[in-house]
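Thank you for asking for a second pair of eyes on this model. My comments are set out point by point below the display.

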Amino acid sequence: MRYTGPKVRLSRRAGVPLTRKAVRYFEERPYPPGEHGRKTNRRQTGDYGLRLMEKQKLRWYYDVSERQMRRYWDMALRSTGRSGAELVVLLESRLASLVLRAGLAPSIYAARQYVTHGHITVDGRKVDIPSYLVKPGQVIAVRQRSRAMQPFVAAAEGTYADDRIAPYLSVDHADLRFTVVGRPAREQIVVPVDEQLVVEFYSR
């Protein structure tokens, strides 16, 4: 089941800001949520707890359910590359993830909503499945009828764009369009997670 509560609480539980919005809140309250949050010592967490939290951080960062994570883990195991790196690459290749990474949405939650509400096209056809795995060469864009909406007007101005565009994307913010020019490599993906701990969690 996906988490649907306050998103900043996830960042405080994880110990790192998982979204842009969470950065300011996390700086003000860099301890876990709850009445005993200030007294919690993250350093006392055992090996299992550390691996579990790293897996949860990856889930929360990409806003996927545990069932989906298991499915991606099985896919990563069947690949020829390193399973941990492959898992991150698969999560990054999701349509919702790339809509966020291209700067068309302010958060992964907004990106997911834009996709499910039918605002996004892949190669000119509407795709409303956030988990759709995008392949190199495919072109993702905002539907013409949706472009006058305020969030997309802001996106066209580059409001949500990162300082550096991911090297596996070619983005035209003004046209609300981007192309996946290559398969993401793990070293190109900025995600605050040690995937080796995730591998150890699923391999136990």
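The numbered points go from the basis of the model to the chain as a whole, then to the sheet, its loops, a helix and a cavity.

1. Basis of the comments. This is a predicted model, in which local features need pLDDT of at least 70 and side-chain atom pairs count only at pLDDT 80 or more, while totals for chains, interfaces and linings use all residues. Residues are numbered from 1 along each chain as its sequence is written, and side-chain values use heavy atoms, with hydrogens and water left out.

2. The chain as a whole. The secondary structure of the protein chain comes to nine helices and five strands, where helices (H or I, at least four residues) and strands (E, at least two) are DSSP runs numbered from the N terminus. Along the sequence, the elements follow the pattern α-α-α-α-α-α-α-β-β-β-α-β-β-α. Of the 204 residues, 48% are buried; buried here means under 20% relative accessible area, exposed means over 50%, and partly exposed lies in between (1.4 Å probe, protein chains only). The accessible surface is about 11,100 Å², and 48% of this belongs to carbon and sulfur atoms, with areas taken from the Shrake-Rupley method with a 1.4 Å probe and, for residues, only the protein chains shown counted as cover. Among contacts (heavy atoms within 4.5 Å) between residues at least 6 apart in sequence, 58% join residues at least 24 apart.

3. The sheet. Five strands form an open sheet in the order β2-β1-β3-β5-β4, with antiparallel pairing. The edge strands, each pairing on one side only, are β2 and β4; two strands are said to pair if DSSP finds at least two bridges between them. Going across the sheet, β1 and β2 are paired over two bridges, with Thr-121 opposite Lys-126 in β2. Three bridges join β1 to β3 (residues 139-142), and here the bridge partner of Thr-121 is Ala-141. Next, β3 and β5 pair over three bridges, with Ile-140 opposite Phe-178 in β5, and β4 and β5 pair over four bridges, with Leu-169 opposite Val-180 in β5.

4. Two residues with positive phi in loops. At 3% relative accessibility, Leu-176 counts as buried. Asp-123, in the loop between β1 (120-122) and β2 (125-126), likewise is not a glycine and has a positive phi, of about 55 degrees, but Asp-123 counts as partly exposed, at 44% relative accessibility.

5. The loop between β2 and β3. Tyr-132 lies in this loop and counts as partly exposed at 28% relative accessibility. The C-alpha atoms of Tyr-132 and Arg-94 are separated by 5.5 Å, although the two residues are 38 residues apart along the chain. Leaving aside neighbours within four places in sequence, Tyr-132 is in contact with Ser-93, Arg-94, Leu-95, Val-122, Val-127 and Gln-138.

6. Helix α7. Seven of the nine residues of α7 (residues 108-116) are buried, so this helix is largely enclosed by the rest of the structure. The buried residues are Ile-108, Tyr-109, Ala-110, Ala-111, Arg-112, Tyr-114 and Val-115. Just after α7, Gly-118 takes a positive phi of about 80 degrees.

7. The second largest cavity. The model has two cavities of 30 Å³ or more, a cavity being a set of points on a 1 Å grid over the protein atoms alone where a 1.4 Å probe fits but cannot get out, with lining residues having an atom within 4 Å of a point. The lining divides into four nonpolar, one polar and two charged residues, where Ala, Val, Leu, Ile, Met, Phe, Trp, Tyr, Cys and Pro count as nonpolar, Asp, Glu, Lys and Arg as charged, and the others, Gly among them, as polar.

Terms used. 1 Å grid on protein atoms, 1.4 Å probe; cavity = no way out; pocket = protein on both sides within 12 Å on 5 of 7 lines; lining within 4 Å. Points joined across faces, edges and corners; volume = space filled by probe spheres on them.
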